[in-house]
Amino acid sequence: MVALAFNSTFESAEAASRRSARLEDVAQDTLTGPPVMAIVSIKDQRVTIYDAAGGTMRSHVSSGRTDYETPVGIYSVLQKEEEHYSNVYDDASMPFMQRITWSGVALHGGVLPGYPASHGCVRLPESFAQRLYPLTKIGMRVIVAYDDVAPVEISHPVLLKATPVPAVESAVAIPMSYQDQDSSDNASPFEPNVKRWPARVAQLEALKSIAAGKRIEADAANDQADQMTQIVAEKKEPRDKAAKALRKAEAAKKSADDKLAKADKALNSAKSPKAAKNWEEAKAKALKIAEDATAKVAQLTETLKAAKAELQTATEKAAPFVAARDAAVAVADAAKHKTQPVSIFISLKTQRLYVRQGYEPVFEAPVTISEPDRPIGTHIYTAVDYTNDGKNLRWTAVTMEHKGADYASYDDDRLDQTNGASDAAQTDVAKATAALDRITISPDVLARVTEAAWPGSSLIISDEAASKETAKATDFIVLISTEPQGGIKKRPKQFFPSDNFYRDSSYDFYYNYDRYGRRGYYPRQKSLFWW
């Protein structure tokens, strides 16, 4: 019996060791360029990283366990931190963390038991997480799907076309204030990869130069507006003080008038000469107090009138500067948006089209979807590169489907059964094309987004509305409502960018919690586009 127990224990340990070794292996690594997309398969418990040329890098993962399932949906990398600790789950170590929601779902290194075991995050083998970490950039698309699926090349009239290179823009000189993004820490959040296309490089550099110049003008206008609004603020203080003093004086006058009226009434009803004399004296005192209170009210009324006049004058003087500031900021933002890939989301549920750039909402508009009562599915289209000497864009499509009825198994032997080596099924081009066939985008909307059709631009079409996780400093986050979402629903909402989120400063700041649960301002990591 002892021998049998020993053999059983040895075989179990050996199997666990083999399984652990296999989970640490990278099944495939043919990347030839920077990653553009990560696809996590819940069913197969693996992640596949794709580059623009179709090269892949693959590893096993451990997603969220029952009641804490990693929600199936569309995300992007929002933040990276090499050494991170959970502020939700017992200060747990999350090395090489790549956040995909501000509420705490992330890709990170961790223990892989061979089945879903996390609280909603996607655990990677630590060696794989460490290897992947320096390759990815803020903004890389992350797709969590039930069935594994691979992107496929696609072309369609609805997909944005590359705009011709304007000769005038390519000839614009870069001002001294502009710093090249590759050599500066003061980087914008998104940077399309155009290095292989000289004409596009010149265009992008010129657009960034123009945007930098407009930002300088906006900053100057903002400084002037700040000075004028400061004067307005200074004029508000005496106005407020005068208004407060007047209210007190009016209350004192009312009290004095009430006492005067009471003394006058008592005097009229006095029944003896002595009582009449006393009330005459009281009335005289009350009359003096009432007269003083009336004079003070009159004085403070004039003071308040003068303070209001000064405030009005200051406000009128500040108005042109504030308007100029607002106009300059709008022009600077428009110039900046021309340098950033555009993200478009079309929701069948809301029948609207939404546009974001640089993790910021730009605008939304109605969109026409044929057969609006028929589901359209969820499809992600990504511009991955230029073709034809940089004249056209090359797009890929991913269609999210759940073909099986079962959900991720918790059986330790499941990975032995699948061997984790099956290739992902390619996206059905016919289905991805059929979804595009049902979309009609108005020409004016197309005109607003086409000029930002850089590699890295994306179009999402879905039955769903955007998730509540789509907030400040995010690209579109779309969760599939028919799939479990415990990893989102049970996660405390305490990590969100604050109202004081600045994207154009040298550092972006947001509220965060340290590993001991202490809230404070923290600089957001420099954001680079995901190429």
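Me: How do you know that Gln351 is partly exposed?
Reply: The model is predicted, and local features need pLDDT of at least 70. Residues are numbered from 1 along each chain as its sequence is written. Gln351 has a relative accessible area of 27%. Buried means under 20%, exposed over 50%, and partly exposed in between (1.4 Å probe, protein chains only). Therefore Gln351 counts as partly exposed. Gln351 lies in the loop between strand S13 (342–347) and strand S14 (352–357); a strand is a DSSP run (E) of at least two residues, numbered from the N terminus. Its phi is near 60 degrees, a positive value in a residue other than glycine.

Me: Why is Phe96 called buried?
Reply: Phe96 is called buried because its relative accessible area is 9%. Phe96 sits in the loop between strand S6 (79–81) and strand S7 (97–99). Phi of Phe96 is also positive, near 55 degrees, in a residue other than glycine.

Me: What makes S17 and S18 a pair?
Reply: Two strands pair if DSSP finds at least two bridges between them. Strand S17 (residues 378–387) and strand S18 (residues 392–400) have nine bridges, in the antiparallel sense. In one of these strands, S18, Arg394 is the bridge partner of Asp385.

Me: What makes S12 and S15 edge strands?
Reply: The open sheet has seven strands in the order S12-S18-S17-S21-S13-S14-S15, with mixed pairing. Strand S12 (152–154) and strand S15 (360–366) each pair on one side only, and are its edge strands.

Note on methods
Predicted model: local features only at pLDDT ≥ 70, side-chain atom pairs only at ≥ 80, totals over all residues. Heavy atoms only, no water. Helix = DSSP H or I, 4+ residues; strand = E, 2+ residues; numbered from the N terminus.
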